[in-house]
Amino acid sequence: MAVFGKTDQRSQKLFAYGRRFFRWLTTPHVFLSLIMLVIMFYMVIIPLYRMIMTTITVQDIDLRVIKDAEVGDLTPYHWVRMLFGQIAKIMTYEPLVHSLTISLGATALALTIGGLMAWLVVRTDIPGREVIHTLATIPYIMPSWTIAMAWTVMFKNRTSGGTPGILEFITGAPTPDWLAYGPIPIIVSSGLHYYTFFFLFVSAALLSIDSSLEEAGELAGAGRWVIMRKITFPLVLPAIASGFIMTFSKTMGTFGGPNVLGVPVRYYTLSTMLRSNTGIGNYGDAFVLAIVLIMFAMVTIMLNQKMVGTRKSYETIGGRGFMAQKTKLRNWKGFMIVLVIIFQFIIAVLPLVLLIWSTLMLRTGNYSPSNLTLAHWIGQSDLSINNGEPGVLLNPKIYKGAWNSIRLSLWTAFFTALLGVILGYSIVKGRGTRLSKIVEQLAFIPYVIPGIAFGAVYISMFTKPFGPIPPLYGTFALLVVVSVAKHIPYSARSGVSAMLQVGKELEEAAAIAGATPWQRFKRIIFPLTSTGFVSGFLMTFITTMRELSLIILLVTPSTQVLASMTMRYIENGNEQQANAVIIILIFLVLLGNFIISRFRGGSLKKGLGM
Amino acid sequence: MATPIIIRNLTKKFGNVVAVNNVSLTIEPGAFLTLLGPSGCGKTTLLRCISGLEDPDDGEIVIGEKLVYSRAKGISLPPGQRDLGLVFQNYALWPHMTVYKNITFALEIQKLSKEDMDKRVKESLAEVQMEGYEDRYPREMSGGQQQRIALARMLAYRPKVFLMDEPLSNLDARLRMDMRTELKRLHHISGATTVYVTHDQIEAMTMSTNIAIMKEGVIQQNDTPDKVYHYPANLFVADFIGNPKINLMEGWVSGPGSVDLGKFNVPVRTYNKTGDVVVGIRPEDITVSTTPIDHGVEFQAYSVLPSGADTTIIARKGETELTVKEIGVSKIQMDQKIWLTFNSDAINLYDKETGNLING
Ligand SMILES: Nc1ncnc2c1ncn2[C@@H]1O[C@H](COP(=O)(O)OP(=O)(O)O)[C@@H](O)[C@H]1O
Ligand SMILES: [Mg+2]
């Protein structure tokens with residue numbers, strides 16, 4: 001009897017344990033967190049693992065070189081060859097140095113311009129603040145290599161570009177090589193594009209500084225410069241760090257600019273080198289480069305966060321503080337506003353003018369009025385121009401590409417918004433639990449992987465079937481998967497901030513009233529967060545429309561999008577068509593922006609946290 | 001009809017913090033029980049455990065006939081199945097819904113007909129005197145009005161138990177007074193078992209049938225307001241309840257019916273215990289005389305603080321300081337000599353070691 005009672009007790013305990021476990025598992029945020037973990041595991045961790053494995057195993061292409069080996073055997077071959085072999089210098093080290101040069105240079109330039117402009121707009125009495133702010137969002141709607149393309153129109157020279165650019169035409173003298181191609185043009189064109197991160201982050205930070213902090217310094221007798229250095233600067237440092245991380249990791253993995261301005265003079269970066277290796281199916285070597293790229297991006301980001309001393313520095317600073325005293329510009333007012341407007345014109349308007357102009361020239365480099373034509377837009381196929389490609393508006397390939405761009409962006413925006421809701425909910429509701437922390441950290445990983453390397457990760461993942469997933473290589477779905485995966489950090493962040501705005505009591509009140517989790521979501525959480533998600537949707541739509549680095553390694557002729565088509569046209573020497581495609585792309589982004597922002601008051605500005 | 005609540009050995013931890021520590025509490029049907037204590041003592045956590053918004057780590061909770069939580073049995077009903085309503089500190093009205101929608105949300109879930117819902121909305125708005133506000137949005141109302149709507153939202157679906165977490169703390173002093181009156185009437189009329197959380201002892205004293213005083217997750221005393229005030233179970237409760245504060249003095253029992261406080265003795269009920277004690281006497285249980293009287297102990301009026309209805313006198317004798325309360329406006333001047341006598345029936349003795357009340 002006693003023994004019987006004991007087992008009975010034990011089974012009761014087990015039963016209670018089972019029920020508790022079941023209840024834990026069916027708690028909405030736990031359940032959703034677990035689903036998110038599985039999804040992120042498939043989308044991030046496993047691909048990374050597979051990529052690393054590829055670099056340390058024998059690939060088909062290696063069989064010619066490695067004797068007596070079978071595909072899949074472990075081998076140090078790729079690493080030794082890429083890091084210590086004869087080709088290491090050309091294949092790895094030079095591109096690495098170039099990549100670092102470009103990202104550091106562009107980041108420094110962007111920081112200088114963005115920081116100065118933020119200071120001008122927030123802390124001086126410069127007029128036209130609204131206009132400056134609005135113009136500053138324009139780089140967000142332009143592909144990052146737009147300025148690079150316009151650069152070639154302006155500065156290319158006969159030596160390496162075949163035909164003269166506008167500058168050469170005006171001056172009559174050949175444009176020097178350093179100005180036409182290579183590091184300086186790449187740095188300047190990307191710095192001018194990315195300044196806007198710094199501008200937005202730093203101006204938000206400056207706005208949120210309580211002026212009494214500075215006044216306290218002033219009362220203590222500190223001079224203006226000391227206050228700037230000791231009080232203001234440390235307070236905006238986290239914002240600068242956010243801008244740094246963002247710009248650095250973007251420029252590190254950027255493909256467009258270096259491809260347009262570097263490759264023609266054999267100035268390779270890790271991204272362009274990676275592309276030329278995957279282009280010939282040399283995945284073992286290519287992935288070594290991708291890993292090097294990831295390592296460098298990660299190390300820099302970690303160092304940066306350590307120096308700033310805040311792990312969350314990638315979060316933009318929000319909140320509106322008190323209005324600080326504004327520096328009076330006095331006589332400089334007119335000069336400054338003109339300077340800012342000219343600058344923004346150069347960044348936002350001039351490139352478009354140059355690009356449009358170039359599309360109207362029948363032959364590049366010929367600047368006489370008789371050379372003007374609409375042939376590149378609406379001309380019939382003519383073998384003497386553009387290798388027989390018809391004008392872009394008559395070209396079915398362009399329509400296919402535009403359609404691909406749009407549906408890729410819509411699907412990505414949809415899934416990203418969906419993941420954002422789920423991630424935001426599971427992270428915020430689970431705050432303080434280990435599960436929530438793991439989800440949050442896992443969601444951050446894609447942020448530190450440069451775009452082109454992230455694309456590379458996916459080559460290895462989906463060339464063969466994996467688990468329940470069929471081989472996706474070459475499919476449109478793969479582009480959606482990679483774009484959604486790369487957006488996970490952003491969707492998590494916007495999801496969390498949207499969810500934090502809904503006080504937890506609002507959902508709890510509904511739970512007390514007897515609402516099921518689904519009813520709570522549908523009637524309370526969703527209506528209260530939808531504005532944020534429309535803005536998030538819009539942001540994702542826009543960034544995906546103009547995304548290139550991420551997908552360049554994964555597109556195939558049938559899945560070409562507009563962004564990748566510009567590269568193909570450039571590489572084939574069809575400059576005018578490439579530029580026309582960029583114009584179409586920007587037009588579509590603006591159109592999408594207009595349509596989406598009609599819904600529920602979402603806006604680009606809100607999406608940017610302005 | 002009303003519902004009892006029984007809590008057995010309830011524990012809730014957040015990491016290393018034990019917010020609720022092995023609490024056992026029986027709440028009689030129809031009681032108005034107030035959880036009272038300083039900020040951070042675990043009142044909210046205990047309330048949330050009852051509501052089901054928080055999952056305890058151990059123990060059992062029974063509401064009416066229902067076992068709503070039991071760790072041993074692995075049971076924890078979701079909040080919606082516990083037949084209770086909760087009023088939040090910040091009201092938690094849904095900002096995107098009108099008053100009407102806020103109130104009918106729960107009714108829709110209960111699948112009431114449109115007519116019934118209209119009727120319930122009317123009734124509950126009448127109960128909180130907010131008739132005609134159906135179409136307002138929360139942001140279009142003042143804090144006090146939102147508070148009433150939050151109450152109406154709870155009343156409308158007729159839960160068996162009312163839970164309230166510092167519902168008045170965001171209101172200004174006058175509104176708070178009005179709402180106390182209303183809440184007490186509401187409880188009187190509905191007769192629903194109510195658990196009310198506050199850190200304001202006046203609120204607790206004026207409205208409750210029972211007060212449970214908490215400190216660091218442990219219930220120190222659960223009694224009627226009268227008992228809590230006149231027979232605080234330990235020094236913490238004695239010190240926490242009452243304004244101005246109770247006088248606590250260390251002394252030793254020197255003989256039957258007398259405690260030696262060093263400079264003077266006070267008369268007490270006869271205790272059979274001797275040794276070190278702490279004497280607790282409320283300011284209003286000390287009488288002041290301006291002339292020497294029998295058993296009077298000479299003090300000096302250190303400060304005199306009239307407040308209209310009564311006057312607080314801080315009396316000193318050497319190191320010893322006592323707070324005395326006189327009804328009305330006192331004629332005593334500062335620095336004047338005064339003679340204090342102590343109401344021996346009102347004096348409580350506490351064990352110096354444990355701090356617990358010594359029962360005579
Ligand atoms: N969600 C939570 N996570 C961690 N600690 C908490 C949480 N909620 C409450 N606590 C801690 O539990 C203790 C009791 O809190 P609470 O019940 O809110 O106190 P009260 O309502 O009496 O002010 C406090 O120390 C508080 O810091
Ligand atoms: Mg509380």
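Let's start with a helix pair: α19 (residues 396-429) and α24 (residues 517-545) of chain A pack at an angle of about 140 degrees, with their axes 8 Å apart. This is a predicted model, in which local features need pLDDT of at least 70, side-chain atom pairs count only at pLDDT 80 or more, and totals for chains, interfaces and linings use all residues; side-chain values use heavy atoms, with hydrogens and water left out. Residues are numbered from 1 along each chain as its sequence is written, while chains are lettered from A and ligands numbered from 1 in the order in which they are written.

**Helix packing**

- Two packed helices are described by the angle between their axes and the distance between the axes.
- Axes here are lines fitted to C-alpha atoms, for helices over the stretch in contact, and angles run from 0 to 180 degrees between N-to-C directions.
- α19(A) and α24(A) are therefore oblique to each other (angles under 35 degrees count as roughly parallel, over 145 as roughly antiparallel, 65 to 115 as roughly perpendicular and the rest as oblique).
- By class, 14 nonpolar, seven polar and one charged residues make up the contact of α19(A) with α24(A) (Ala, Val, Leu, Ile, Met, Phe, Trp, Tyr, Cys and Pro count as nonpolar, Asp, Glu, Lys and Arg as charged, and the others, Gly among them, as polar).
- In chain B, helices α2 (residues 99-109) and α4 (residues 143-156) pack at about 30 degrees, with their axes 8 Å apart.
- α2(B) and α4(B) are therefore roughly parallel to each other, and their crossing is right-handed.

**Chain A overall**

- Chain A has 27 helices and zero strands (DSSP runs numbered from the N terminus: H or I with at least four residues for helices, E with at least two for strands).
- With a radius of gyration of 27 Å, close to the 25 Å that the globule rule gives for 610 residues, chain A is as compact as a globular protein of that length (the radius is taken over C-alpha atoms, and the rule is 2.2 Å times the number of residues to the power 0.38).
- Along the principal axes, the C-alpha atoms of chain A fill a box of roughly 105 × 80 × 50 Å.
- Of the 610 residues in chain A, 53% are buried (under 20% relative accessible area, with exposed over 50% and partly exposed in between; 1.4 Å probe, protein chains only).

**The five-stranded sheet of chain B**

- Five strands form an open antiparallel sheet in the order β16-β20-β17-β18-β19 (two strands pair if DSSP finds at least two bridges between them).
- β16 (286-289) and β19 (320-327) stand at the edges with a single partner strand each, so one side of each lacks a neighbour in the sheet.
- From one strand to the next, the twist averages 45 degrees.
- Four bridges pair β16(B) with β20 (residues 337-342) in the antiparallel sense, and B:S289 stands opposite B:W339 in β20(B).
- β17 (residues 297-306) is joined to β20(B) by four bridges, with B:F299 partnered by B:I338.
- Six bridges join β17(B) to β18 (residues 310-317), running antiparallel; B:V304 has B:I313 as its bridge partner.
- The hairpin of β17(B) and β18(B) has three residues between the strands, and B:G308 takes a positive phi near 100 degrees there.

**The six-stranded sheet of chain B**

- This open sheet has mixed pairing and the order β7-β8-β9-β3-β10-β11.
- The twist averages 15 degrees from one strand to the next.
- β3 (residues 32-36) and β10 (residues 210-215) run parallel, joined by four bridges, and B:T34 stands opposite B:I211.

Note on methods
A crossing is left-handed if the near helix is turned anticlockwise from the far one by less than a right angle, and right-handed if clockwise.
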